[in-house]
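Which rings pair, and where do they lie in the chain?

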Amino acid sequence: MKRIVVLTGAGISAESGISTFRDSDGLWEHYRVEDVATHEAYERNPELVLNFYNERRRQLFAVEPNEAHRQLVRLEERYDVQIITQNIDDLHECAGSRHVLHLHGELSKGRSDVNPDLIVEIGNRDIKIGDLAPDGTQLRPHIVWFGEAVPNIEPAAAMCEEADIFIVVGTSMAVYPAAGLIHYVPREAACYVVDPKEVPVSRKVTFIKEVATKGVAEVVERLMSNI
Ligand code: APR
């Protein structure tokens, strides 16, 4: 079976009703990264940071996967498919994708601030001051903040090295190390990029300038009939 690796960003969930970060009216137009998405911000004002993610989590439980998430599941009928997502939502899992690696954490989990491996399921619950991780420290969101290490980047790079086909959907490729994963994809692998805007990629790709629901369906159609 050929191996497809898919790198997704906020754009794939946009049509489900979740804001992207850097588009006009995106999240980073309404909040400053340094106020809500760094460890320094959390030390300064934990309640503000917890509330920011509580709000994201509440939104998540009101949305559903869209056709782009669902089309990627279809590929599993004929390919070995690995999704690498920068998203902290669980829409790939909800749609039924079986192999999803989260680079930037997951809203439905919390963790110890001291031990990043001490992760607990919290479902759709808010995290409040006083909620404790199993080691007795304040529970924090299981989110990789700016300036923090990205523990899943190594397995992600190894997956990219094995790709026969690489698909990028809905990411501005502005944030490293995620944006650098494309460099691990073998030169002979076919590469597709789906995004309504131009995104910078430093290799030859088939660019599909469409929103995710339309563009992913197009790529999947090609790949399902092209065997
Ligand atoms: N379909 C496909 N792509 C879309 C759609 C859509 N309907 N709407 C917007 N996009 C594209 C935009 O054109 C843009 O290229 O999605 C991309 C979103 O880019 P960003 O907002 O920068 O999101 P992302 O690339 O996922 O951000 C990476 O930055 O803030 C951090 O941790 C956060 O994981 C996030 C990381």
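The points below cover the aromatic pairs, the cluster and the charged groups over rings.

The model is predicted. The count of aromatic pairs comes to seven, and two of these pairs are described here in detail.

**Trp28 and Phe146**
- Trp28 and Phe146 form an edge-to-face pair, with 6.4 Å centre to centre and 65° between the planes.
- Trp28 belongs to helix H2 (residues 27–30), whereas Phe146 lies in the loop between strand E6 (139–143) and helix H8 (153–161); the pair therefore ties together parts that are 118 residues apart in sequence.
- Phe146 has a relative accessible area of 37% and is partly exposed.

**Tyr31 and Phe52**
- Tyr31 and Phe52 also form an edge-to-face pair, at 4.7 Å centre to centre and with 70° between the planes.
- Distant parts of the chain are linked by this pair: Tyr31 is in the loop between H2 and helix H3 (33–36), and Phe52 is in helix H5 (residues 46–60), 21 residues apart.
- Tyr31 is partly exposed, its relative accessible area being 26%.
- Phe52 is buried, with a relative accessible area of 4%.

**Aromatic cluster**
- One aromatic cluster is formed by Phe21, Trp28, Tyr31, Tyr42, Phe52, Tyr53, Trp145 and Phe146.

**Charged groups over rings**
- Arg56 lies over the face of Phe52, 4.5 Å from the ring centre.
- Arg140 places its charged end over the ring of Trp145, at 3.9 Å from the centre of that ring.
- Both Phe52 and Trp145 are among the members of the aromatic cluster.

Methods. Residues numbered from 1 in each chain as written. Predicted model: local features only at pLDDT ≥ 70, side-chain atom pairs only at ≥ 80, totals over all residues. Heavy atoms only, no water. Phe/Tyr/Trp six-rings, centres within 6.5 Å; stacked < 30°, edge-to-face > 60°. Helix = DSSP H or I, 4+ residues; strand = E, 2+ residues; numbered from the N terminus. Buried < 20%, exposed > 50% of the residue type's maximum accessible area, 1.4 Å probe, protein only. Lys NZ or Arg CZ within 6 Å of the ring centre and 35° of its normal.
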